[in-house]
Amino acid sequence: MNGTETPDVVVVGSIAFDSIETPAGKRPKLMGGSASYTATACALLARTGLVGVVGGDFPEAYLDVFRGAGVDLAGLERVADGKTFHWDGTYDADMNNRTTNCTELNVFADFDPVLPEAYRKSPCLCLGNIAPALQAKVLDQMEAPRFTLLDTMNLWIDQTRDDLMKVIPRVDMLIINEHETRELTGKDSLLRGARDILAMGPRYALVKKGEHGAFLMGRDFYAAIPAWPLERLADPTGAGDTFSAGIVGTVAAAGNLDAATLKQALVNATCLASFTCEAFGIERLKDVTKADLAAREAAFRAILP
Ligand code: AMP
């Protein structure tokens, strides 16, 4: 792709330096950000264009990771005198919870996304985790997307709830983890929380439960999936964003939202997310091939009842 073609999927979200500490080790300033994980993984399944912003401090080598994965960068803005978004997080011993030590929005604070003309016609949009007001600006520019996926996090539920509540009714699917589901809906039961999300407008609620898998609820649809059994977890950062890539990439490639497509999407999402957890940052994910994904899918299907 060269920026004049319409991608199958437009991915927007953060592009970041991540400083991460897990029980497996500590790494400063890795390449990270919700859109980085999603776009890199999604490009394995569908033609993917990235929308986001980086500062002048973002290394060319990191951009080469996107290029190597086949991600189109026509929607990437570079602010020469700005600093890249920085996130710093520490994981608990079981890696199911993490503490954010700092979030420095930097160039994202003034980001005003303008989509390349060709991107506006894209059939699929993944609104990765970033301020809901920015997600809305991207959604406003899309002509008639057939499938829109929205991710968010506790920070936005806490600080910009009104903005978030304006975007949620406009998308087809909300992807959200178990803690965020309880925070957003006030329900202890995740199933009842997911029902509340459907009542907000989306056709589907996809609830991620870390090592316990995920479930997808629609008005007339329900499917649950376990996680890939991973005994040695290095760093779960980006697992959720990679999961999103499996969903939107599969739907884009199939061109429909049939039950079979949605179930395949859950399998691809689970397998892709498992690669992300195997190493710090994007280290493992960036080298995953279609053959690696197919092999993991076969092994995963073999353990499903
Ligand atoms: P996940 O582990 O899938 O929830 O995503 C982790 C990624 O989200 C990291 O690479 C962070 O850079 C990014 N991130 C963390 N906090 C924020 C935030 N407030 N806005 C956007 N991206 C964030």
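Reply: Let's start with how directions are read here: an axis is a line fitted to C-alpha atoms, for a helix over the stretch in contact, and angles run from 0 to 180 degrees between N-to-C directions. Helices (H or I, at least four residues) and strands (E, at least two) are DSSP runs, numbered from the N terminus. Keep in mind that this is a predicted model, where local features need pLDDT of at least 70 and side-chain atom pairs count only at pLDDT 80 or more, while totals for chains, interfaces and linings use all residues. Residues are numbered from 1 along each chain as its sequence is written, and side-chain values use heavy atoms, with hydrogens and water left out.

Me: Okay, at what angle do H8 and H9 pack?

Reply: Helix H8 (residues 239-254) meets H9 at an angle of about 145°, and their axes are 7 Å apart. On H8, the contact (heavy atoms within 4.5 Å) involves residues including Ala239, Phe243, Gly246 and Val251. From H9 come, among them, Thr261, Ala265, Leu272 and Cys277.

Me: And is the crossing of H8 and H9 left-handed or right-handed?

Reply: The idea goes like this: a crossing is left-handed if the near helix is turned anticlockwise from the far one by less than a right angle, and right-handed if clockwise. H8 passes H9 in a right-handed crossing.

Me: Can we zoom in on one residue of H8? Is Thr250 buried or exposed?

Reply: Buried means under 20% relative accessible area, exposed means over 50%, and partly exposed is in between (1.4 Å probe, protein chains only). Thr250 sits in helix H8, and its relative accessibility is 8%, so it counts as buried. Apart from neighbours within four places in sequence, Thr250 touches residues including Leu45, Gln264 and Asn268.

Me: Now the sheets. In what order do the nine strands of the open sheet come?

Reply: Two strands pair if DSSP finds at least two bridges between them. Here the order is E5-E4-E1-E8-E9-E10-E11-E12-E13, with mixed pairing. Strand E5 (72-79) and strand E13 (221-225) are the edge strands, each pairing on one side only. Neighbouring strands are turned by 15° against each other on average, direction ignored. Helix H3 (residues 132-141) packs on this sheet, touching strands E1, E8 and E9, and its direction makes about 170° with that of E8.

Me: Let's pick a strand. Which strands pair with E11?

Reply: Strand E10 (residues 173-177) pairs with E11 (residues 204-208) in the parallel sense over five bridges. Strand E12 (residues 214-218) is joined to E11 by five bridges too, but those two run antiparallel. E11 and E12 form a hairpin with five residues between them, and Gly210 in the turn has a positive phi of about 60°.

Me: Where do the side chains of a strand go?

Reply: In a regular strand the side chains alternate between the two faces of the sheet. For E11, Tyr204, Leu206 and Lys208 lie on one side and Ala205 and Val207 on the other, and all are buried. Five of the five residues of E11 are buried, so the strand is largely enclosed by the rest of the structure.

Me: What about the other sheet: in what order do the four strands come?

Reply: The order is E3-E2-E6-E7, and the pairing is mixed. Strand E3 (25-32) and strand E7 (98-104) stand at the edges with a single partner strand each, so one side of each has no neighbour in the sheet. Strand E2 (residues 16-22) and strand E6 (residues 85-91) run parallel, joined by six bridges, with Ala16 opposite Phe85 in E6. Helix H1 (residues 34-42) lies across E2 and E3, at about 70° to E3. Helix H2 (residues 60-69) also lies across E2 and E3, running at about 70° to E3.

Me: One more helix: which residues of H10 are buried?

Reply: They are Leu293, Arg296, Glu297 and Phe300. Seen down the axis, the buried residues of H10 fall within an arc of 105° (taken from the directions from the helix axis to the C-beta atoms), so they line one face of the helix. On the other side of H10, Ala291 and Ala302 are exposed. The cover over the buried residues of H10 includes E13 and helix H9 (259-278).
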